Amino acid sequence: MFNTLPRLSIIFLLFFTLPNANASTSLPDIGIAGAGELTIAKEKQYGWAFNLMANQSLPIIRDPILNLYIRTIGQQIVRHADSVRMPFHFLLIQDNEINAAAFLGGNIKVNTGLFLYANDESELAAVLSHEVAHITQRHLARFLEKQSFNNPATIAAMAGSILLALVAPAAGMAALTSTMALSAQSNINYTRQNEYEADRIGIRTLYKAGFDPYDMANFFEKLAEKYQYSSSPPQMLSTHPLTATRIAEARLRASQFKKRKVPMHLAFQLSKARITVRFNSITSTAAINLYTSILKRKNYASRQAAEYGLALAYFKDRKFQKANKIILTLLKKSPRNIFYIDLFSDTSLALGKQKNLIKLLTMFYDQDRKNKVITLNLIAALKSDKQYKQEEKIIARFIRDYPDNMLGRILAIEVYRKLNNRAKEHENKAELLALKGLFKNAAQEMSTALIYSNKKLNKARYGAKIEVYRQDDMRLEALQK
Ligand SMILES: [Zn+2]
């Protein structure tokens, strides 16, 4: 579970729906070097393609604070994992289903539902450690290698199919999953073995990364209990139940390490509040009621986080004064807390207090120009104060530092449109399209940029970019074949 499961489910099905005419009972010639091997280099390429597809079709949350949080905790785990052979990417997906999934090339998808269901950072970390282990143990890669032994359709075809399934419309996905149970059956043992291994290795990493090793078992148990009598358990539980054996095994494994009392993690609680109010289907009134009641009953892990939740709820309800009052009190206690600074920026802008805000954010910005949260808030403040020249300066620096940041590209497109800089506007449109793997359209946009450009250096740069897009397009197509 939490796993490769949804992914594997698709593979199971794709495998069974692949043309079977060539299925042979004879073993392939192992002497042919690398025929059935998914090398790390190749896996990274699939990871690259996955990212492009994900940018295009998955509801990725592009919230600088939440992205920072999930990356920080993810990297904390990766730093303590063994056999890390590629960089990891953690994508936060707006989806209430309790799930996380690992894909080729160090990509881990984390649903907001998982966040909302976890009580503390250790529980979230437990699931992430499990996912990281799937990747370091190369479970999906090995699975594909194994399947290709009996099927000359090749790993490329199978991995490519998974990629395509990712962009399939909802109806297509539903059709895939309805027939999945049948095909998954014959592979269930294989998957279970992987799951146990990911648990085992994940628990070790969890401990080394400073978390409570028992939290893997604790979280599993909580989940198993919740869905014990449920008529609609998450799909991952219906195909791969959290058996008593698995939970006992996880507990036994944890007992080999010291039990740890992990302190409350404020950043986790603040992130959870932020997701609850901003990336969930809750109405503003319901959110206000929720946090008012939590505060009244003192039913919280962190009072500060509950107050932050209430401030977010007031902001959502356009009660800016009320939100501002709470956030100022919180800021007084922790003036450098990035969650608070961010909401303070929101309320200040809503209340028309741009000038003071710009002063404050500029001070922080001068201390750390790489801080995405501060930078993006400063950009918003300058925009709201119609200081487009200054805004452009900071955006230009931001996209130079983070060329793959889609939000940066979107802001750049806007500011260059306002400044009437057509070449740069189309250049950034091109880059945005390329981040989604739409290289043909990207090349078109870059050609338009080329027409508008009157600088020799830029013309050369745009021309070179068009050639890069052309090659990337061929690479991507080859991976999908
Ligand atoms: Zn798993």
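**H23 and H24**

I started with helix H23 (residues 422–435) and helix H24 (residues 439–452) in this predicted model. Their axes are 8 Å apart and the packing angle is about 170°. I put the pair down as roughly antiparallel, because an angle over 145 degrees counts as such.

On the H23 side I found Arg422, Ala423, His426, Glu427, Lys429, Ala430, Leu433 and Ala434. From H24 come Phe439, Asn441, Ala442, Glu445, Met446, Thr448, Ala449 and Tyr452. Sorted by class, that contact has nine nonpolar, three polar and four charged residues.

**H20 and H21**

I then looked up another helix pair. Helix H20 covers residues 372–384 and helix H21 covers residues 388–401. I noted a crossing of roughly 155°, with the axes coming within 9 Å. That angle makes H20 roughly antiparallel to H21. For handedness I wrote down left-handed.

Which residues of H20 meet H21? I got Thr375, Leu378, Ile379, Leu382 and Lys383. Their counterparts in H21 are Gln390, Glu391, Ile394, Ile395 and Phe398. My class tally for the contact of H20 with H21 reads six nonpolar, two polar and two charged.

**The strands**

On to strand E3, residues 107–111. Is it buried or exposed? Five of its five residues are buried, so I have E3 down as largely enclosed by the rest of the structure. I checked which way the residues point, too: Asn107, Lys109 and Asn111 go one way, while Ile108 and Val110 go the other way. Both sets are buried, Lys109 included.

What does E3 pair with? Strand E1 (residues 89–93) runs parallel to E3, and I logged five bridges between them. Strand E2 (residues 100–103) runs antiparallel to E3, with four bridges.

**Whole protein**

Last, I stepped back for the overall numbers. I have 25 helices and three strands in the protein. Of the 481 residues, 43% are buried. I also checked contacts between residues at least 6 apart in sequence: 66% of these join residues at least 24 apart.

Note on methods
Residues are numbered from 1 along each chain as its sequence is written. This is a predicted model: local features need pLDDT of at least 70, side-chain atom pairs count only at pLDDT 80 or more; totals for chains, interfaces and linings use all residues. Axes are lines fitted to C-alpha atoms, for helices over the stretch in contact, and angles run from 0 to 180 degrees between N-to-C directions. Helices (H or I, at least four residues) and strands (E, at least two) are DSSP runs, numbered from the N terminus. Angles under 35 degrees count as roughly parallel, over 145 as roughly antiparallel, 65 to 115 as roughly perpendicular and the rest as oblique. A crossing is left-handed if the near helix is turned anticlockwise from the far one by less than a right angle, and right-handed if clockwise. Two residues are in contact if their C-beta atoms, placed from the backbone, lie within 7 Å. Ala, Val, Leu, Ile, Met, Phe, Trp, Tyr, Cys and Pro count as nonpolar, Asp, Glu, Lys and Arg as charged, and the others, Gly among them, as polar. A residue is buried if 20 or more other C-beta atoms lie within 10 Å of its own, exposed if 12 or fewer, and partly exposed in between; C-beta atoms are placed from the backbone. Two strands pair if DSSP finds at least two bridges between them.
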